[in-house]
Amino acid sequence: MALTPDELYRRLPKAELHCHLMGAVPAATFIELAKRNGQPLPSEDPDKVYAFVTFDEFLEVYVAVCDSVRTADDFSRVLYESLVADVDSANLRYREVMFNPSNHPWLPYPDMLDGLLDGARAAQHDRGVVCRLLPSINRQHGTSAAMELVETVLAHPRDEVVGIGMDHNEDLALPELFAEVFEVARERGLNVTTHAGEFGHPERVRTAIEVLGCRRIDHGYGIARDEELMRRASDLGVHFTGTWTVSVDYHGDDPATQPVGHMIRAGLDVSINSDDPTLYGVNMSTEWIDAARTLSLEPDDIVRACLAAVDAAWLDEADRRAMRKSFQAEIDALLVA
């Protein structure tokens, strides 16, 4: 008997390119770490501790989680737990995890890396999931802090650190302010991505592509308002690490107006990612299922997004080919199951 679409989407192998570590900490772990490290909690109820309504309230919760993660062992634990949880819930095989070193000024970057790598290696050993790291600029900390982060990343190279990102509230720090930072990063060999157009501004996506030199954009929903820019992005091979629940929060769930659907139907290179899974109460499987139902996507659309993530992953070419071959074989077997 053929798999239902929902069963297929749960069982498909998954690579994720847009996931924030501090948005993937299990609620019970956040509560335990906050209490141990003397950080105030909005609630001690795991079902309520991640409650928020507005984006500003979301960032307040996100910063509270950051404040609770204090030591290298804490970083190891939260990364390990987040990876294993999504292996179990979503058949996760590969993830590039974003983290903001400047949100944790009490811990030196090399120590932070040691903790993260311990957690990543333990998860790979125990469950086979591969993790790579993306130190991310908190744009609200300004351009000097951004340049300092780039220099720090370059001064402490690790094979598992595959590039840099930029996140937090783009309304408070427009992408063009970071042109020099991204130029330095690119010229010195770092892959670059940034959150852009998250709230629907196409000019910010254009700036990320044309000024910051990004060929991967996180969110990017504003591009759906600019047909010419969509054609240019397609010609340049720009990949968009879309999300579902977050995009619905900002843009509504009407299939006729949801930008992720418009981007997919326009033929852009789009993957569907979980973003901040525990804060939003989602995982990769639920995101794919909900997006497919709401947008009336076919299994071929989801498979295309699945493989697009592999093709856009910042792996060396041999590893990417091996992962794609493995994914394709597993997908082919599922499609005839």
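Me: In this predicted model, how do you know that the span of helix α6 (residues 143-155) agrees with its number of residues?

Reply: At 1.5 Å a residue, the 13 residues of α6 should span 18 Å. The end C-alpha atoms are 18 Å apart, which agrees.

Me: Which residues of α6 are buried, and what puts them on the same side of the helix?

Reply: Ala 146, Met 147, Leu 149, Val 150, Val 153 and Leu 154 are the buried residues of α6. They cover an arc of only 155° around the axis, and therefore lie on the same side of α6. An α-helix has 3.6 residues a turn, so residues three or four places apart point the same way.

Me: What makes Ser 144, Glu 148 and Ala 155 count as exposed, and where on α6 are they?

Reply: Exposed means over 50% relative accessible area. Ser 144, Glu 148 and Ala 155 are in that class, on the other side of α6.

Me: What covers the buried residues of α6?

Reply: The cover includes α5 (109-127), β3 (130-138) and α7 (179-187).

Me: Why is α6 called roughly parallel to α7?

Reply: The axes of the two helices cross at roughly 5° and come within 9 Å. Angles under 35 degrees count as roughly parallel, so α6 and α7 are described that way.

Me: Which residues of α6 and α7 meet?

Reply: Thr 143, Ala 146, Met 147, Val 150 and Glu 151 in α6 meet Glu 180, Val 181, Val 184 and Ala 185 in α7. The residues of this contact divide into six nonpolar, one polar and two charged.

Technical notes
Residues are numbered from 1 along each chain as its sequence is written. This is a predicted model: local features need pLDDT of at least 70, side-chain atom pairs count only at pLDDT 80 or more; totals for chains, interfaces and linings use all residues. Side-chain values use heavy atoms; hydrogens and water are left out. Helices (H or I, at least four residues) and strands (E, at least two) are DSSP runs, numbered from the N terminus. The expected span of a helix is 1.5 Å times one less than its number of residues. Buried means under 20% relative accessible area, exposed over 50%, partly exposed in between (1.4 Å probe, protein chains only). The arc is that of the directions from the helix axis to the C-beta atoms. Contact means heavy atoms within 4.5 Å. Axes are lines fitted to C-alpha atoms, for helices over the stretch in contact, and angles run from 0 to 180 degrees between N-to-C directions. Angles under 35 degrees count as roughly parallel, over 145 as roughly antiparallel, 65 to 115 as roughly perpendicular and the rest as oblique. Ala, Val, Leu, Ile, Met, Phe, Trp, Tyr, Cys and Pro count as nonpolar, Asp, Glu, Lys and Arg as charged, and the others, Gly among them, as polar.
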